[in-house]
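Here are my notes on the model you sent over.

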Amino acid sequence: MIELARREDYRLLTGRGQFVDDLRFHGEVHARFIRSTVAHGVIRKMDASDAILSQGVLGFWSGRDIKSLIPPIGQSKADGGVFQDPLFRALGKEAGFIRHVERRLLAEDKVRHVGEAVGVVVAENAYLAEDAAALVDVEIDELPAVVDPIAACLPTSALLYDWPNNLCLDLRVGTGNIESAFAQAQFSARRIIHSGRVSCVPMETRGVVAVPEIGRRAVTIYSSTQIPHMVKDLIVESLRLDASAVRVVAPDVGGGFGAKAIPYEEEVMIAWLSLKLGRPVRWFEDRFEHFVSSINSRDQVHDIEIALDVDGKILGVRDTFVSDVGCFSPLGVVQPYNTAAHLAGCYRVPALDLHMLSVVTNKPPLSPYRGAGRPEAVFAMERILDIVAREAGFDPFEIRQKNIIRKDEIPYKVGIPYRDGNPIIYDTGDFAACLDKAIEISSEFATKIIKSSSEVIGRGVACYVEGTGIGPFESAEIAVKEDGTIIAATGACSQGQSHETVFAKLVAERLGIEISKVKVIGGDTDATQYGWGTLASRSAVVAGSSLQNACDKIVDRVRRAVSRLWEVDESDIEFVNGVRIKGTPSRSLSWAQLSYEFSPHGQFSQEFGVGLSASDHFKPGTVTFANGAHIATVAVDIETGLVRILDYVVVHDCGPLLDENVVRGQIQGGVAQGVGAALYEELMFDESGQPLNPNLVDYIIPTRAEVPEVRMAHIETRSPGNPLGIKGVGEAGTIPVPAAISNAISDALATKNVEILRTPASPKYILGLLAN
Amino acid sequence: MSKKISFLLNKKVIEIKVADQMLLVDLLREELHLTGTHVGCAYGVCGACTVLIDGVAIRSCLTFAPQIDGAEVETVEGLSGDEGPSPIQIAMSECRGLQCGFCTPGLLMSLVELTRRADKPSDHEIDDAIEGHLCRCTGYTGIVDSFKKALGDKL
Amino acid sequence: MRPAPFEYFAPRSTDELWSVLDKFGDEAKILAGGQSLVALMNLRFVTPEALVDLKYLPHFSGISRQGSTIRIGATATQRSVETDETIKHQLPIVALATRSIGHPQIRNRGTFGGSLAHADPSSELPAVVMALDCTLVLESKVGERIVRATDFFTGPYTTVLQAGEVLKEVFFSSPSSSTQYGFYEIARCSGAFAMAGAISATRVSDGGFVESIRIALFGVGSKPILFVFDKEILGMQILGPELISLVSQIVRDKVEPLHDMQVTSDQRRHYSAVVVSRALQMGLVSQ
């Protein structure tokens with residue numbers, strides 16, 4: 001069989017990928033959700049009598065039908081137990097409060113966003129299910145819709161929940177003396193800056209297939225998810241099943257980016273239906289559903305103010321920001337706190353005062369999307385820095401070079417905790433080197449610009465840091481099989497990040513074996529008992545480290561056994577296609593032979609235990625910081641408001657590269673999503689909460705024509721936080737893109753006094769600014 | 001209502017009864033068990049469902065099954081056989097034109113159409129074809145390289 | 001996102017066609033390329049009881065030169081129009097505008113006539129046929145009727161086509177070498193619908209003075225908008241910056257632009273002037 005570049009490639013290229021909607025089971029039926037067409041209201045009547053009689057229909061369930069059968073979903077474990085407590089412990093109770101929402105699988109009385117599921121019908125195939133769904137008659141009495149997050153805070157606003165107001169998070173964090181910083185300031189600037197609301201739009205929408213076991217209350221759930229173990233925990237809890245009776249598998253997943261990083265109501269509902277009906281049940285989200293029922297993201301308004309001294313050194317930053325979290329935020333504090341934690345970024349900011357508020361509105365729920373609060377932080381900070389620099393007469397590149405934390409200041413303490421409760425300490429990185437190199441690479445482009453007479457050129461820079469490799473842990477279970485091949489199971493779960501290839505390479509190198517002998521399994525709760533999942537730029541760091549540690553445990557055990565039983569020094573033992581003694585290559589054992597020796601029949605097992613396998617659940621102490629600098633050169637057509645990206649430079653540091661091609665792909669792909677957020681993507685709603693563009697025609701995803709070929713360079717500084725010495729890179733490409741592009745547009749339009757203060761910088765927005 | 005249709009699918013004759021409203025993409029995926037062609041939007045924008053009909057790249061989500069009576073349909077599954085993946089599939093792997101792989105089969109079919117042109121397609125025509133596909137993972141540069149390699153090697 | 005049930009017909013003769021259309025009246029929709037219709041059906045925005053496929057009726061297809069006119073059959077694919085040698089040389093503006101529709105995979109199936117009959121206010125082809133003063137032939141069981149392109153489009157997604165009537169073909173008069181054409185559209189990204197666009201046809205005398213200008217705007221109003229400038233308005237001018245500025249200003253002042261998610265009506269008004277100006281600057285001629 002021909003060797004392709006990645007393990008994943010053969011099946012994906014030949015059309016034999018196994019995405020969730022590709023799986024087929026005998027006797028399967030299809031579910032279709034009926035969703036609210038009203039943003040805020042009370043269900044008055046639901047009549048499914050025609051639907052139930054429709055051809056091929058097995059049943060219909062409403063929220064009231066399942067009310068006593070399935071409890072609502074409480075606060076997600078990902079949000080609650082682990083991150084929140086350490087953070088609030090670190091900040092103290094007076095730092096603020098957070099409110100949680102119980103989520104019903106199907107709305108019982110109140111609906112709170114267009115797209116909220118109010119019922120589900122099951123039929124023999126997808127066509128019949130949709131025909132039946134169209135016959136369900138739902139009448140909803142409308143309530144005033146809460147759409148604007150600022151207006152949602154007014155005492156006159158309608159309320160979504162039985163709360164005194166629509167606030168679900170109010171948290172303040174800071175360091176240093178902010179009053180003194182502004183009192184001493186020579187220059188200051190203050191602006192309202194908005195990162196718009198977006199949808200993740202993976203090419204594969206969500207999907208679930210639940211397959212019940214016959215004769216036992218047990219079920220296997222295949223879900224297009226990034227977090228199979230969390231999904232399993234939720235299903236076990238909600239459906240009161242034995243943990244041994246539930247298996248969740250993420251098959252091939254067509255992109256996640258955060259849209260699939262929370263457990264969803266549909267996963268529980270489909271599992272329940274399969275047990276109820278005793279048949280496999282399939283559900284595949286359609287694209288409209290993705291816009292209105294998969295999580296939305298970003299959507300923060302910042303009132304940010306910066307103070308500089310006479311030389312342009314930053315004295316302090318004050319920022320109050322409001323997140324519009326839609327009808328609820330499953331991960332609660334995560335995204336806004338990431339914003340706060342990353343706001344100071346690469347710069348020395350001695351005084352910080354950050355006040356974050358999350359407000360519920362009648363829109364789909366909100367949760368992290370690639371970047372997870374960091375793009376919003378970088379956008380606000382890099383824009384206000386550019387603005388104050390321009391007003392004060394400083395060059396935007398020089399002011400950054402002046403304020404950027406230097407290599408000899410590492411480790412650098414920011415002064416506030418990370419969301420895991422640990423103090424933020426930049427543990428690695430040469431931020432200035434990334435910036436300087438980016439400036440150097442970008443300036444090579446200046447002579448090659450071709451533009452039309454109505455275009456003006458601008459250049460903008462944005463730097464970022466990114467806490468990567470967050471805990472709490474990731475699991476690896478490695479086993480050497482009888483024939484010497486390796487199975488490496490990980491709690492990580494790929495949606496395109498090439499884990500099967502990258503982790504096979506890592507394990508193969510660590511064990512001294514050919515990569516073709518290593519099989520990587522991810523995303524299966526039967527393959528690793530514990531696991532966390534793939535999100536937050538963590539898998540290379542945490543899963544990779546756990547795999548490496550597990551390999552080392554195997555290697556150590558073999559080394560001790562061979563040393564003892566062959567009476568050689570451990571230092572004379574090396575691992576090349578098994579184990580061998582240096583200088584005496586005839587004294588060797590292949591991995592197959594080693595497996596035998598550790599089997600019940602073998603010589604080593606008596607003293608060193610049966611089975612050549614190991615597990616590891618690497619727990620990083622805290623995050624490790626990646627960083628980078630992006631520089632965009634743009635041409636703005638001042639007659640049309642359209643923006644062309646002429647050149648895009650990325651210099652970043654994720655430490656040593658596990659696989660250069662994969663890293664390049666992550667950066668290029670991340671930049672493409674950043675371009676989308678910077679110029680094109682925006683979820684729009686009318687005053688009654690109706691989504692205006694829940695489709696790929698009016699919600700614009702960049703094509704090849706809109707995405708520049710990124711010119712990139714890597715700088716490698718090691719992380720002290722994990723055995724691989726690496727930092728995550730999954731989100732790096734996306735984080736500073738809107739900031740760099742908006743800085744460039746503002747630079748181009750500086751003579752017209754235009755400041756880009758929101759994303760996306762659409763033609764409508766740019767023309768509006770030019771007209772004023 | 002249903003129709004009996006007869007057509008060529010990856011060079012094999014298929015005779016089958018289909019519901020009038022069945023989309024070609026569902027015929028392939030549900031009835032004929034060829035799940036390589038994917039549904040990304042069901043209204044023709046994303047390109048994941050692209051197949052060849054009579055040698056021409058068409059959205060199978062915008063085609064009803066009865067429409068292909070008498071036609072020749074080619075899907076990604078037809079590109080490789082016992083001898084392994086085709087040169088264009090190998091090119092796409094080598095040039096890192098895929099990550100999650102969901103948009104890939106549709107792109108491959110657009111690429112096949114280009115490779116069959118008598119004249120080598122221009123860069124503009126290559127871009128035009130790729131612009132008809134949305135990819136959320138790669139940022140497109142690997143795809144462009146793949147197309148160019150596949151078309152360059154052909155000469 | 002699957003369509004509701006319907007009955008599919010693929011008539012083999014025009015008699016069969018009229019018979020089916022007669023039977024279903026308003027509940028029948030014509031299926032040519034289907035690139036707009038099937039999308040709407042998948043979203044269940046339209047739910048016809050019958051779909052009538054024209055694929056077996058060569059009566060409606062083809063591209064040919066007929067004396068001094070060029071004929072494009074309603075079911076000619078957009079792809080065939082953009083690559084046809086006659087069109088490329090004789091009507092390059094038609095090839096250019098057609099190439100701007102969506103993406104090649106859409107144009108491989110989408111038809112010239114289908115785009116006209118669908119009458120999306122932001123599509124290019126309705127504006128093309130208006131700017132070039134085309135003649136459309138509509139056919140029904142009672143025979144043919146001729147409609148000028150300028151009379152064909154009556155509102156958003158509406159034309160003079162009645163139930164039981166099918167667009168058969170479009171005729172272009174043979175362009176003279178003294179006419180210069182232009183095309184310009186403003187769209188957010190590749191394949192996106194135009195926020196404003198213009199097709200211009202400028203007839204220039206032997207002396208180099210502009211005799212007339214026809215400009216059709218798309219994406220601006222609820223249907224394509226035609227402006228005709230003759231010598232009275234133009235005076236005796238060459239096609240230079242002054243004339244272009246005059247014409248774009250008139251268009252900008254007179255047009256009634258739509259307001260939508262993408263741009264405000266004032267911005268669209270401004271766009272009208274921009275697309276007119278840039279189209280006029282193009283100066284594309286037939287060979």
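1. How many helices and strands are there in chain A? There are 20 helices and 29 strands, with helices (H or I, at least four residues) and strands (E, at least two) taken as DSSP runs numbered from the N terminus. Bear in mind that this is a predicted model, where local features need pLDDT of at least 70, side-chain atom pairs count only at pLDDT 80 or more, and totals for chains, interfaces and linings use all residues. Residues are numbered from 1 along each chain as its sequence is written, while chains are lettered from A and ligands numbered from 1 in the order in which they are written.

2. Buried residues make up 62% of the chain, a residue being buried if 20 or more other C-beta atoms, placed from the backbone, lie within 10 Å of its own.

3. Contacts in chain A: of those with a separation of 6 or more, 82% join residues 24 or more positions apart. Contact here means C-beta atoms, placed from the backbone, within 7 Å.

4. Have a look at the open sheet of seven strands in chain A, with the order E3-E6-E1-E13-E10-E11-E12 and mixed pairing (two strands pair if DSSP finds at least two bridges between them). Strands E3 (57-62) and E12 (246-249) of chain A are at the edges with a single partner strand each, so one side of each has no neighbour in the sheet. Neighbouring strands are turned by 20° against each other on average, direction ignored; axes are lines fitted to C-alpha atoms, for helices over the stretch in contact, and angles run from 0 to 180 degrees between N-to-C directions.

5. Within that sheet, E1 (residues 29-35) and E6 (residues 117-123) of chain A are antiparallel, paired over six bridges. A:His30 stands opposite A:Ala123 in E6(A). Helix H7 (residues 228-239) of chain A packs on the sheet, touching E11 (219-223) and E12 of chain A, and its direction makes about 150° with that of E12(A).

6. Chain A also has an open sheet of three strands, order E23-E24-E25, with antiparallel pairing. E23 (573-575) and E25 (584-589) of chain A are its edge strands, each pairing on one side only. E23(A) pairs with E24 (residues 579-581) of chain A over three bridges, and A:Phe575 stands opposite A:Val579 in E24(A). Helix H15 (residues 539-566) of chain A lies across E23, E24 and E25 of chain A, at about 140° to E23(A).

7. Which chains contribute to the contact, and with how many residues? Chain B gives 43 residues and chain A gives 45. On the chain B side, H2 (87-94), H3 (104-115), H4 (123-131) and H5 (141-154) of chain B each give two or more residues, and the largest share, five residues, comes from H2(B).

8. Finally, chain B is assigned domain 1 (2-77) and domain 2 (79-154), with bounds from an automatic or database domain assignment. Their centres, over C-alpha atoms, are 20 Å apart.

Notes
Two residues are in contact if their C-beta atoms, placed from the backbone, lie within 7 Å. A residue is buried if 20 or more other C-beta atoms lie within 10 Å of its own, exposed if 12 or fewer, and partly exposed in between; C-beta atoms are placed from the backbone.
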